[in-house]
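User: Can you walk me through this one? Keep it simple, please.

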Amino acid sequence: MTKQAKNREPVVPPKCAGGIIDSHAHVVKEYFQEERELILDRALAMDVHTLINPAVAVEGIEELLELIESRASVYGAAGQHPHEARFWSPEHKEKILRALTHPKMVAVGECGLDYFYNNSSREEQLTAFREQIEIAVALDKPVIVHCRDAWEDTFDLLKSAGQGKVRGVFHCFTGGPEHLDAITALDFYVSFSGILTYNKATNIQEAAALVPQERMLVETDCPFLSPQKVRGERNEPAYVWFTAEKLANLRQTSLETLASQVSSNAGALFRLPARGFK
Ligand SMILES: [Zn+2]
Ligand SMILES: [Zn+2]
């Protein structure tokens, strides 16, 4: 429990028996320390039966491989975040390729372009992203795209380097209805994070009501971006239900229907095996 949580009544997320997949969570020790196992147990207790944990840098791959070996509910992805693009090298590419030979490493990413923070130059970001799209095509794995204030370049690169063969997801979607045509044309998925629950996120909410049902996912992107009802707390996979609840409301459907749809979408995108664990 975080400090904030100790000081008030805990907010219990809604859930339903069929469970749900958190399509993007960073359940790494750097953020959760010794509480990590507790948080993973809590996710299972809340029927968050599967989560995808993308690495953001090669330094995190070893820990991630240990995690997916020890936890049936956790799958991984290997990539280099745009913030880290300045460190991109042939050695990094090699490490990512090697990590992706593990059967539970289901995607390339997260990778992409972030022109809001610009922690790496645009040239560095474009190079690292292009080469990771090429890896995704070569290995026939989906790519987990981080896109912040870089829509045109992202679409262009996915088209040119993706050669019509790349598939994937725009994680932590921060766009609006105006971006959906291009995303649909690429046949990509859209994943909604806790941002969807914020009052000011009207543009994202409009898009959420419109995205084709077979193309939507939900995620926490924990430990960041806690949904409104637990804002200020450290985010964790169990809280994906708050975002699912909001998405169900926006789409005027039941939480159960929504959870089942986003989970089967994630299963299709990441080619997850049918659930075979306790
Ligand atoms: Zn991201
Ligand atoms: Zn992330």
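**Around Phe192**

Analyst: Phenylalanine 192 stands opposite valine 218 in strand S8. Keep in mind that this is a predicted model.

User: How does the chain get from S7 to S8?

Analyst: It crosses through helix H9, residues 202–210. This β-α-β crossover is right-handed.

User: How many bridges join S7 to S8?

Analyst: There are 3 bridges, and the two strands run parallel.

User: And are the faces of S7 covered or open?

Analyst: Both faces of S7, residues 189–192, are covered. Tyr189 and Ser191 are buried on one side. Val190 and Phe192 are buried on the other.

User: What about the link between S6 and S7?

Analyst: S6 spans residues 168–170, runs parallel to S7 and is joined to it by 2 bridges. Phenylalanine 170 has valine 190 in S7 as its bridge partner. The chain goes from S6 through helix H8, residues 180–185, to S7, in a right-handed β-α-β crossover.

User: Zoom out. What is the order of the strands in the sheet?

Analyst: The order is S1-S2-S3-S4-S5-S6-S7-S8. These 8 strands form an open sheet with parallel pairing.

User: By what angle are neighbouring strands turned against each other?

Analyst: By 30° on average, with direction ignored.

User: Now the other end. What joins S1 to S2?

Analyst: The two strands run parallel, joined by 3 bridges. Aspartate 22 has leucine 51 in S2 as its bridge partner.

User: What joins S3 to S4?

Analyst: 3 bridges do, and again the strands run parallel. S3 covers residues 74–78, and S4 covers 105–114. Alanine 77 stands opposite alanine 107 in S4.

User: Where does H4 sit?

Analyst: H4, residues 61–70, packs on the sheet and touches S2 (48–54) and S3. Its direction makes about 155° with that of S3.

User: Which residues of H4 are buried?

Analyst: Ile61, Leu64 and Leu67. Seen down the axis of H4, the buried residues fall within an arc of 120°, so they line one face of the helix.

User: What covers them?

Analyst: The cover includes S2, S3 and helix H5 (90–99).

User: And which residues are exposed on the other side of H4?

Analyst: Glu62, Glu66, Glu69 and Ser70 are exposed there.

User: Last topic, the whole chain. How many helices and strands?

Analyst: The protein chain has 11 helices and 8 strands.

User: Why call it as compact as a globular protein of that length?

Analyst: Its radius of gyration is 17 Å. The globule rule gives 19 Å for 278 residues, and the two values are close, so the chain is as compact as a globular protein of that length.

User: What box do the C-alpha atoms fill?

Analyst: Roughly 50 × 40 × 35 Å, taken along the principal axes.

User: What share of the residues is buried?

Analyst: Of the 278 residues, 47% count as buried.

User: And how far apart in sequence are the residues in contact?

Analyst: Take the contacts between residues at least 6 apart in sequence. Of these, 74% join residues at least 24 apart.

Conventions: Residues numbered from 1 in each chain as written. Chains lettered and ligands numbered in written order. Predicted model: local features only at pLDDT ≥ 70, side-chain atom pairs only at ≥ 80, totals over all residues. Pairing = 2+ DSSP bridges. Helix = DSSP H or I, 4+ residues; strand = E, 2+ residues; numbered from the N terminus. Axes fitted to C-alpha atoms, helices over the stretch in contact; angles between N-to-C directions. Contact = placed C-beta atoms within 7 Å. Buried ≥ 20, exposed ≤ 12 C-beta atoms within 10 Å, placed from the backbone. Right-handed = clockwise from strand over helix to strand, strands pointing away. Rg over C-alpha atoms; globule rule 2.2 N^0.38 Å. Arc of directions from axis to C-beta.
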